[in-house]
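Please keep the sequence and the structure in view while reading.

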Amino acid sequence: MLLNVGTFIRSATRFSPFIITHSSPSSFCFSFSPKQTVSFTLQSSQMASFTTLSQSPPKLLFRQLFEKESSTYTYLLADCSHPDKPALLIDPVDRTVDRDLNLVKELGLKLIYAMNTHVHADHVTGTGLIKGKVPGVKSVISKASGSKADVFVEAGDKISFGDLFLEVRATPGHTMGCVTYVTGAGPDQPQPRMAFTGDALLIRGCGRTDFQGGSSQQLYKSVHSQIFTLPKETLLYPAHDYKGFSVTTVGEEMLYNPRLTKDEETFKNIMENLNLAYPKMIDVAVPANMVCGLQDLEPKAD
């Protein structure tokens, strides 16, 4: 199937160029022709060029969802050529669990994993709530995070959903337990590849390194060794964006990231002098996220 893409205007809902909104009447699985490039003119002064996914069966269903309070992106991926249509969610937020699960139901998917890229400090994860609402769903997080989950992953692990899979890459530095999930290599996997970088690498930025075991030196090495070594056309999807962007590429960030294009010592100095405010949700979010997003739900005695 060849998809003809029309004008793309970035709106407040922050659509990815590969998104059909959850109000769509039916589910779409994309199989794009190889090497097709679509350019978009944004309604600001910025330009963006995206390469469409070239896929052979199995087919990837992909949605990028947004939670406005914490400016968090949640990602839904599924193998819609598989009879069960197995699906996973990356970085779900507690406030939008019902929205996400309604979308999963509308698209006829079977949710099998609810995953986190790290222990978040700016919102409470939705993984615990999802497990309570959808029996059989397993929560996933890195073993290095020290938090609770059903499945603990390490560098080199693969997370399969149908005939598709995500590769786990350790990218600590923002926190000690950060990982990046990368779609598989090979002719039977989506091309170009996609990487879900959490807070390790943002669009024209990166996550802070001044709490939760963070290290600017470690983050610099993580990004350069685990993300910038991916093919330059790899699509990068962060856990957050605060400026209206939705996707970037390895090649773009290697050229234009104002922090990570610098040498390591300059990067370290930049990160040590950000003078950022104490995260307003950290004292609530981190303890909850260490237990899969669920605090003690039993009523307290008076």
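Ala195 stands opposite Leu236 in β13. The structure is a predicted model, in which local features need pLDDT of at least 70 and side-chain atom pairs count only at pLDDT 80 or more, while totals for chains, interfaces and linings use all residues. Residues are numbered from 1 along each chain as its sequence is written, and side-chain values use heavy atoms, with hydrogens and water left out.

Strands (E, at least two residues) and helices (H or I, at least four) are DSSP runs, numbered from the N terminus. Two strands pair if DSSP finds at least two bridges between them. Strand β12 (residues 194-198) and β13 run parallel and are joined by four bridges. On β13 there is also a link to strand β14 (residues 248-249): these two run antiparallel, with two bridges, and Leu235 stands opposite Thr249 in β14.

Both faces of strand β13 (residues 235-238) are covered. Leu235 and Tyr237 on one side, and Leu236 and Pro238 on the other, are all buried, where buried means under 20% relative accessible area, exposed over 50%, and partly exposed in between (1.4 Å probe, protein chains only).

The open sheet has six strands in the order β9-β10-β11-β12-β13-β14, with mixed pairing. Strands β9 (158-161) and β14 stand at the edges with a single partner strand each, so one side of each is left without a neighbour in the sheet. Strand β10 (residues 164-170) and strand β11 (residues 179-183) run antiparallel and are joined by five bridges; Val168 stands opposite Tyr181 in β11.

Side chains of opposite charge can pair when their charged atoms come close. A salt bridge is a side-chain nitrogen of Lys or Arg within 4 Å of a carboxyl oxygen of Asp or Glu. A search of the whole structure finds eight salt bridges, including those tabulated here.

| Salt bridge | N to O distance |
|---|---|
| Asp98 and Lys133 | 3.3 Å |
| Arg169 and Glu167 | 2.7 Å |
| Glu167 and Arg193 | 3.1 Å |

Asp98 lies in helix α1 (residues 97-106) and Lys133 in helix α2 (residues 127-133), so the pair ties together parts that are 35 residues apart in sequence. Asp98 is partly exposed, with a relative accessible area of 45%, and Lys133 is partly exposed at 48%.

Both Arg169 and Glu167 are buried, and both Glu167 and Arg193 are buried. Salt bridges that share partners join Glu167, Arg169 and Arg193 into one network.
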